[in-house]
Amino acid sequence: MTDVEAMLTEAVRRRGLGGVGVAIVRKGRRPEFTTVGLADPVAGRPISPDTVFRIASITKTMTAIGVLQLRDEGLFDLDDPVNNYLKRLTVAPPRGGPEVTFRHLLTHTAGIGEMPSASDLPRRPVWGLGPPGTAAADLPALYRGTLRAEVRAGSKWAYANHGFALLGQLVEDISGQPLAEYMQEKVFGPLKMSSTEYRRTDRTAGQVATGTHWILGRFRTVRDYDLTIFGAGAVLSSLNDMAAYAAWLSKGPTSRAAGVLKAATLNEMMTLQHTIDPRLPGLGLAFFLNQFGEHRVAGHDGNIPGFASALLVAPDDGVGVVVLTNTASLFGANLLAARLLRSLLGVPEPASALPQADLASSPHLWSELESAYAPAPGFLTNLRSWQMLGGEVQVVIKQRHLTLQALSPFRQVRRGLELHPTDADDPLRFAFEMDGLVVAVAFERSGSGDVDRLVIGRPVNGTFHRRPPWRSSRRRLRAAAGIAALALHRTHRRRRRAAS
């Protein structure tokens, strides 16, 4: 069994994955494919390099390439307001806020929330899911002519699917072509990605994998659907095609990709454009950036009902990894891709370095850090924080360890994760490990020298501000529970007295 097969087997066992395909690309070599499991559990069709998956948010990197192509033609600048180019739709900033630009959208800093408005939460079309064959969404109609930013552009990082939906609309309005048609002509065709498209057609329909969830000890298939909001996550693609895409991104053979994008522009997309803290990995233009040892890494992952995906490339090394699975898995695809890429680059797993034996803790600082922290105001731009962390994190001293905990759906986070120091020169830098996932954490001081902020790296990628004790959600819940218990106790005593 090869190293790749061993890692894939372990990921399938540990993450409960049904069907998985892995592609490894290295400059000057043919792609290597490893597959396991079934594309269709009912028909017994196995995963192969030709199997078509929903690649979810990896789509954003492709939509961004379409945008950058048009920029390179001199049709606009990244810092131009997008309202100058939209034909049937307007982006409305908060009162007094700056205009939203292309760069804001490409870096998730436009102030756009998870949904266009709170009233849209129950509207299925706004989530972009529809029965098979549903027509592509008409965004101007979907947004009723206006997409409103919740907070000032540039003031807050918030992952925004609808921001990338808007970028897809901009490709259409500027090029004069439907997004799917434009991308086929300008990107997928030149890259010879013959099984890649924004909407399922006869070319791919027979090869699309069946999505699954692992629920109550068994795989359950996901009811088939189509995605109607193209720019953010609608692309379907095969392992073969994604290997071609990864090879191009990682500076593999360029003859098949001539004319898709300037080398300088591709490098710009993988160069830091925004970070929530200079000490943490940041974001390029659509690509998340990281550092594996001395190696620069860029990529994106994706999660959608029944599917998960991950794409990572080390562009300076000409190496890339793609993982596609037809099982819903929040971290499974990304962790497997990262592990494979680190193995190819000869970089150890970060979890193996925690705690760092040569770094001592600084307990004398812990009292400064112990507090509750919450994101800046914004209901729609905080929905993911609520989903992952209950809208607040607490830093506490527990069993002689500095610990981060939250009212989270993840049991490990509810119980508490130890914060390990990671920098001898900066005692405010830490990391925690959760089921193989290592997440960077850093505290920040205000101008007066007090610790007033906590930043958490991917997958949270958020800034949390210190709260006074009386505003802590956990303390409020405990107080409410105590009051409720006291009320029940008094009611019980009165009933006993009345009965006697």
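What covers the buried residues of helix 7? In this predicted model, the cover includes helix 2, helix 6 (161-175) and helix 8 (230-233). The buried residues in question are Leu179, Tyr182, Met183, Val187 and Phe188. Viewed down the axis of helix 7, these residues fall within an arc of 150°, and they therefore line one face of the helix.

Two packed helices are described by the angle between their axes and the distance between the axes. The axes of helix 2 (residues 59-72) and helix 7 (residues 179-188) come within 10 Å and cross at roughly 80°. The two helices are therefore roughly perpendicular to each other. On the side of helix 2, the residues that meet helix 7 are Met62, Thr63, Ile65, Gly66, Gln69 and Leu70. Their counterparts in helix 7 are Tyr182, Met183, Lys186, Val187 and Phe188. Sorted by class, this contact has seven nonpolar, three polar and one charged residues.

The next part of the structure is a sheet. Strands of a sheet pair through backbone hydrogen bonds, either parallel or antiparallel. Here six strands form an open sheet in the order 2-1-16-15-14-13, and the pairing is antiparallel. Strand 2 (32-36) and strand 13 (288-292) stand at the edges; each has a single partner strand, so one side of each is left without a neighbour in the sheet. On average, and with direction ignored, neighbouring strands of this sheet are turned by 15° against each other.

Within this sheet, strand 1 (residues 20-26) and strand 16 (residues 319-325) run antiparallel and are joined by seven bridges. Arginine 26 stands opposite valine 319 in strand 16. A helix also accompanies the sheet: helix 11 (residues 332-345) lies across strand 1, strand 13, strand 14 (295-304), strand 15 (307-314) and strand 16. Relative to strand 16, helix 11 runs at about 155°.

Serine 371 lies in strand 17 (residues 371-375). Is serine 371 buried or exposed? Its relative accessibility is 14%, and a residue counts as buried under 20%, so serine 371 is buried. Which residues is serine 371 in contact with, leaving aside its neighbours within four places in sequence? Serine 371 is in contact with Val393, Gln394, Val395, Arg466 and Arg467.

Key:
Residues are numbered from 1 along each chain as its sequence is written. This is a predicted model: local features need pLDDT of at least 70, side-chain atom pairs count only at pLDDT 80 or more; totals for chains, interfaces and linings use all residues. Side-chain values use heavy atoms; hydrogens and water are left out. Axes are lines fitted to C-alpha atoms, for helices over the stretch in contact, and angles run from 0 to 180 degrees between N-to-C directions. Helices (H or I, at least four residues) and strands (E, at least two) are DSSP runs, numbered from the N terminus. Angles under 35 degrees count as roughly parallel, over 145 as roughly antiparallel, 65 to 115 as roughly perpendicular and the rest as oblique. Contact means heavy atoms within 4.5 Å. Ala, Val, Leu, Ile, Met, Phe, Trp, Tyr, Cys and Pro count as nonpolar, Asp, Glu, Lys and Arg as charged, and the others, Gly among them, as polar. Two strands pair if DSSP finds at least two bridges between them. Buried means under 20% relative accessible area, exposed over 50%, partly exposed in between (1.4 Å probe, protein chains only). The arc is that of the directions from the helix axis to the C-beta atoms.
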